[in-house]
Amino acid sequence: MAAKTGVRTSVRIVVAGDRGTGKSSLIAAAATESFPDSVPAVLPPTHLPADFYADGVPLTIIDSSSSTDNKSKLYEELKRADAVLLTYACDQPMTLSRLTSYWLNELRQLEVKAPVILVGCKLDLRDEHQQVSMEDIVAPIMKQFREIETCIECSAATLLQVPEVFYYAQRAVLHPTAPLFDLERQSLKPRCKNALRRIFTLCDRDMDGALSDEELNEFQVKCFNAPLQPAEIVGVKRIVQENLPSGVNDRGLTLPGFLFLHALFIEKGRLETTWAVLRKFGYDDDLNLSGDYLPVPSKQAPDQSMELSNEALDFLRGVFQLLDTDNDGALRPIELEELFSTAPESPWDEPPYKDSAEKTALGNLTLNGFLSRWALMTILDPPRSLANLIYIGYGGDPAKALHVTRRRLVDRKKQRTERNVFQCFVFGPKKAGKSALLNTLIRRPFSKNYSSTTEDGYVMTMLESAQGGQKTLILREIPEDGVQKFLSNEECLAGCDVAVFVYDSSNEDSWNRSRELLVEVARKGEVSGFGVPCIVIAAKDDLDTSPLAVQDSVRVCQGLGIEAPIPASSKSGDSSNVFNKILSAAEHPHANIPETERGRNRKRYHKLFNRSLIFVSVGAAVGVIGLAAFRAYAARKNTSN
C-alpha cells in the first residue's frame, strides 16, 4: 500500500504455487526464524514488523490454498498483491514446469501487474548428484515472462536464504527494476534516462554541462544527507573515466557519466540508490512527478476552467526563443524532442494535441501553435500541463502557474469575461464541412477527400481580439454520431463558451439536421442552466445555395433570438470573418443565447409564480400589519375606559 505522498507504508505479498511446494513452511520459517514441526494447510495472514528489514516497511504475507474450491479467493488476493511469490519444489521438477504452463499464464489472464519472484523451496531435498544450472533453467523463463523480477532457491528446514526471499520481494516493490532498466538490452529505459537528465540539469547550477565537485557534493547531501569525501569524488570519477571517457571532463561529471553511474548501480543490484535519488526529486514508481509536487488549483464549479498564468506564459515564450536556434519563428521536430527530453515522454505525440495547431509549410510548430497547445493541455488535463511545465524547467512557484477562471454563469450575468482561452463546440451533420472549418483555423490546405469523423477533434490558435490583446480559440468538433452521448451528460455545456452549428448551405437536408441539433443544444442549455451563445455557419458558400435552406435558417435564427447564419467557404480559404465572430461571441457571453418556445414558456411560468409569491407575501404582510393595528386600537380603548 502506498500513502498519498507516494511513500510505501506497507507491502502485501501473496505466496502461491502447487500443493506441497513448501509455501506455508517458508512463511512460518521466515516469521519464527525456525523450521516448524507442523504447519496448517493454509496460514492466516502473517506480519513481519517494520524493523525486520532495513527499509523500515512492514510486510503482510498471504498464504494460499491450491485447491480449486478456493480459486476465487486466491484470484482476489493476487489482484490485491504488491508482489507475488510463485513457489516450486526443488526436488519435484514438474512443479517448476507448472509455473510456465499454468501459474504465470494465470497471472497474465488476471492482469496482475505486481512483480513476480520465483522461489525454489526444499533446496535441502534436491538430489546432490543432479547437476543443475539455475541460470540455464530460469533465464529462458524470465525472457518469456518479463514480469519476473528474480529467482531464488531456499530451504525452510535449514533456514538457508529464507529471509532473502522476502527481502527480494519487498525490494521488488520498493525498488522495482522494470521502470528503470531494460534487462535484455542492459541499458537504462528512456523514461529513467529522461528523469535523470532532468535531475542532472537541476543540479548543474552553473549550466556548464558538468557537475563540479561542489555540485556533486550538494547533490549527495540532498539525496543522502552526507557529503562525499575528496578521495571518494576522485574514485567516482576514475571509475567513470575508465569505462566511459566522455563521462568526465575538466569541469566535472558529464551527463553521460551521470547516466553511466546509475546504470552501474542497477547492474550491481543497488537499485535503492537510484530510487532514492528519483524519489528525492519527486518521482513516483511510474517515473512521473507525484501528486505532492503538483499543486493544481481546484475548480469549485463545472463552468470554470484552467488557464496558464502570465508568469508561466512568459516562461514558455522564453523557452521557445531559446530552442528556436535558427530564429525562424518555428520549432522543428528535433527541437521539440529536445524540449521534452527531461519529461517522461512528449505529451504531444498523440491526439488531441498532435496535428491540432498551426504549423509552417515545412511542418514546424509556430509560437502561436506552441502556446495554443499548452492552452489546450491546461484546459483538458491541468495536472499534466503543470507536470510538463516543471519537467521542462519552470522554476516559479508551481502553485501559481495555473489559475482558475471565473464561472461562466457569473460572466453572463456581468456581461463580460476575463478569460483568455475560449472553448467552442462545433456541431453539425456529416459532410456539413465541420472538419474543413477546423482545418481552416490552423491554415491547413483544403482537401476534397472526405473522411467521416468518429472521435472528437481539436484545433486551436491565437487571434487578435477587438478588445485588445490576443485570445486563444479552441474548436472542438463533436461528431454527429456522438452527440446523443455527449448531451446525456448534464454538465456537457458547462465548459463551452460558444456552440457553433455548421450546415452545407447547398443541401436542405443538411440544414434540417443542423436545426435539430441547434434546438437540442439550446434546450439542454435551458434545462441545465449552462446556456451558451450559439452561431450558425452556412458552409460551402462557394456552391449553389439552397434557397429553402437559406430562408428557413434565417427564420429559425430570428425565432431563437440569435444572429443570422454566417456564410463561409473553407475552399476559398479566407474564413477570418467567421472566427472573429466566434471570438466576439465568446467575449460577449450574455448575447446570442438561443431561447426556445419551451424555454420562453418556462420563463413566463417562473415570472408568474414569483409574482404570485410576491402578492401572497404582500397580502400576508398587510394582514399582519392590520392585526397589529387592531390590537393597538383595542389596547388604547381599554385604557381609556
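Predicted model: local features only at pLDDT ≥ 70, side-chain atom pairs only at ≥ 80, totals over all residues.
1. Salt bridges overall. The structure contains 33 salt bridges. One network of them links Arg406, Arg408, Asp411, Arg416, Glu418, Arg419 and Asp497.

2. Aspartate 411 and arginine 419 are both buried. Arginine 419 also forms a salt bridge with aspartate 497, at 3.8 Å, N to O. That pair links distant parts of the chain, 78 residues apart. Aspartate 497 sits in the loop between α17 (483–487) and β19 (498–504), and arginine 419 in the loop between α15 (408–414) and β16 (421–427). Aspartate 497 is buried, as is arginine 419.

3. A partly exposed pair. Aspartate 355 and lysine 359 form a salt bridge, with the closest N and O atoms 3.5 Å apart. Aspartate 355 is partly exposed at 39% relative accessibility. Lysine 359 is partly exposed too, with a relative accessible area of 34%.

4. Strand β5 (residues 116–121). Six of its six residues are buried, so the strand is largely enclosed by the rest of the structure. Both faces are covered. Val116, Leu118 and Gly120 lie on one side, and Ile117, Val119 and Cys121 on the other. Strand β4 (residues 83–89) runs parallel to β5 and is joined to it by six bridges. Valine 84 has valine 116 of β5 as its bridge partner.

5. Negative patch. Glu337, Glu338, Asp349 and Glu350 form a negative surface patch. Aspartate 349 lies in the loop between α12 (333–339) and β14 (365–366). Its relative accessible area is 45%, so aspartate 349 is partly exposed.

Notes: Residues numbered from 1 in each chain as written. Heavy atoms only, no water. Patch = residues over 30% accessible without salt bridge, like charges linked within 9 Å, V, L, I, M, F, W, Y side chains within 5 Å. Areas by Shrake-Rupley, 256 points an atom, 1.4 Å probe, with all protein chains shown as cover. Salt bridge = Lys/Arg side-chain N within 4 Å of Asp/Glu carboxyl O. Lys, Arg positive; Asp, Glu negative; His and termini not counted. Charge placed at Lys NZ, Arg CZ, Asp CG, Glu CD. Helix = DSSP H or I, 4+ residues; strand = E, 2+ residues; numbered from the N terminus. Buried < 20%, exposed > 50% of the residue type's maximum accessible area, 1.4 Å probe, protein only. Pairing = 2+ DSSP bridges.
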